[in-house]
Amino acid sequence: MSSHAALGVVRSGVAVLKGTGVRINCISPGQIDVGVDLKDFDMRGMTSQLPPASLQSKESQQQNIGLERAGLPMEVARVVGFLASGFSSYITGSNLVVDGGAS
């Protein structure tokens, strides 16, 4: 599902779930280094998007990402934990971008 479609599902879900106490949000992660070695990965068909973090040079990450590095899975998990907690009780229909300042 594209990120635009996911945002549409979230926004329409807010209207459908209104009054139920259920919150619906979206997380849009940027480049996340999941620790998978992709050195021999076939890149055909991937020219229209950024390559996976493990295939990008450090110089490219420093140029394209505000925090100058790929994110870690734990950093996205912390956002998930925040949304699941009571600290986000008044947040619904939102898109939280976790991309280190790349967008």
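Let's begin with the outward side of a helix: M74, R78 and A84 are exposed, on the face of α3 turned away from its buried side. Keep in mind that this is a predicted model.

The buried residues of α3 are V76, V79 and L83. Viewed down the helix axis, the buried residues of α3 fall within an arc of 55°, so they line one face of the helix. Their cover includes the strands β1 (26-29) and β2 (95-98).

## A salt bridge

Side chains of opposite charge can pair when their charged atoms come close. How many salt bridges does a search of the whole structure find? The search finds 1. The side chains of R69 and E75 form a salt bridge, with N to O at 2.6 Å.

R69 has 35% relative accessibility, so this residue counts as partly exposed. E75 is partly exposed too, because its relative accessible area is 25%, and buried would require under 20%.

## The largest nonpolar core

Elsewhere, A6, L7, V10, I24 and C26 make up the largest nonpolar core, which has 5 residues. Helix α1 (residues 3-16) supplies the largest share of this core, with 3 residues.

I24 is worth a click in the viewer. Beyond its neighbours within four places in sequence, I24 is in contact with V9, V10, G13, V14, L17, T92, G93 and S94.

Methods. Residues numbered from 1 in each chain as written. Predicted model: local features only at pLDDT ≥ 70, side-chain atom pairs only at ≥ 80, totals over all residues. Heavy atoms only, no water. Salt bridge = Lys/Arg side-chain N within 4 Å of Asp/Glu carboxyl O. Buried < 20%, exposed > 50% of the residue type's maximum accessible area, 1.4 Å probe, protein only. Helix = DSSP H or I, 4+ residues; strand = E, 2+ residues; numbered from the N terminus. Arc of directions from axis to C-beta. Contact = heavy atoms within 4.5 Å. Core = buried A, V, L, I, M, F, W, Y, C linked by side-chain atoms within 4.5 Å.
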